[in-house]
Amino acid sequence: MIDDRKLLIITNNDVTEQFFQGKVKLEMVSTHRDVLVRVRDHIYAGGWKLITHPMASSIKPNQTPFRSIILIQSNEDCTEDILMIEEALESFDKFDTEKKPTDWYRETTDPDFKKIDFYMIEDALPHLCR
């Protein structure tokens, strides 16, 4: 069982922020890339380990602007986490150069992508904090 007081959610999804605020430590950032960078910075600083994969789901990073990632306070070796977050940033940057979605597309799909991101995090937490 994981102590939820040792968890940190880094997100750019206001749906996730609203639901988990006051329940779990949370940091809100502006963009999907900002989430990845903030997670990387926490891991490099030490004391934090990935709980959820930074590239979870089969949705390409350029297709969804929303990402939430859970970290846990830990003094364990995080070499694998460093490699994973660096690969996630490389993948994001590679796909980010591709064609950008139109404003119409974003307006019609953003609410759905927010829900998908939220449901993935909401589903993960009960399995962690039993």
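Visitor: Why is Phe 118 called buried?
Guide: The relative accessible area of Phe 118 is 7%. Buried means under 20%, exposed over 50% and partly exposed in between, with a 1.4 Å probe and protein chains only, so Phe 118 counts as buried. A word on the source: this is a predicted model, where local features need pLDDT of at least 70, side-chain atom pairs count only at pLDDT 80 or more, and totals for chains, interfaces and linings use all residues. Residues are numbered from 1 along each chain as its sequence is written, and side-chain values use heavy atoms, with hydrogens and water left out.

Visitor: How many aromatic pairs does a search of the whole structure find?
Guide: The search finds four. Rings of Phe, Tyr and Trp (its six-membered ring) pair if their centres lie within 6.5 Å; planes under 30 degrees apart are stacked, over 60 edge-to-face, and the rest tilted.

Visitor: Why is the pair of Phe 19 and Phe 118 called edge-to-face?
Guide: The centres of Phe 19 and Phe 118 are 5.0 Å apart and the planes stand at 70°, so this pair passes the distance limit and the angle limit for edge-to-face. This pair links distant parts of the chain: Phe 19 is in helix α1 (residues 14–20) and Phe 118 in helix α4 (residues 103–128), 99 residues apart. Helices (H or I, at least four residues) and strands (E, at least two) are DSSP runs, numbered from the N terminus.

Visitor: What makes the pair of Phe 20 and Phe 118 tilted?
Guide: Their ring centres are 6.1 Å apart and the planes lie at 50°, so the pair is tilted. Phe 20 in helix α1 and Phe 118 in helix α4 are 98 residues apart. Phe 19, Phe 20, Phe 118 and Tyr 119 form one aromatic cluster.

Visitor: How do you know that the charged end of Lys 23 sits over the ring of Phe 19?
Guide: A charge sits over a ring if NZ of Lys or CZ of Arg is within 6 Å of the ring centre and within 35 degrees of the ring normal. The charged end of Lys 23 is 3.8 Å from the centre of the Phe 19 ring.

Visitor: How do you know that β1 and β4 pair?
Guide: Two strands pair if DSSP finds at least two bridges between them. Strand β1 (residues 7–11) and β4 have five, in the antiparallel sense, with Leu 8 partnered by Leu 71. Strand β3 (residues 48–50) and β4 have three, also antiparallel; there, Lys 49 partners Ile 72, and Trp 48 stands opposite Gln 73. Strand β4 (residues 68–73) is mostly covered, with five of its six residues buried.

Visitor: What makes β2 and β3 edge strands?
Guide: Four strands form an open sheet in the order β2-β1-β4-β3, with mixed pairing. Strands β2 (25–28) and β3 each pair on one side only.
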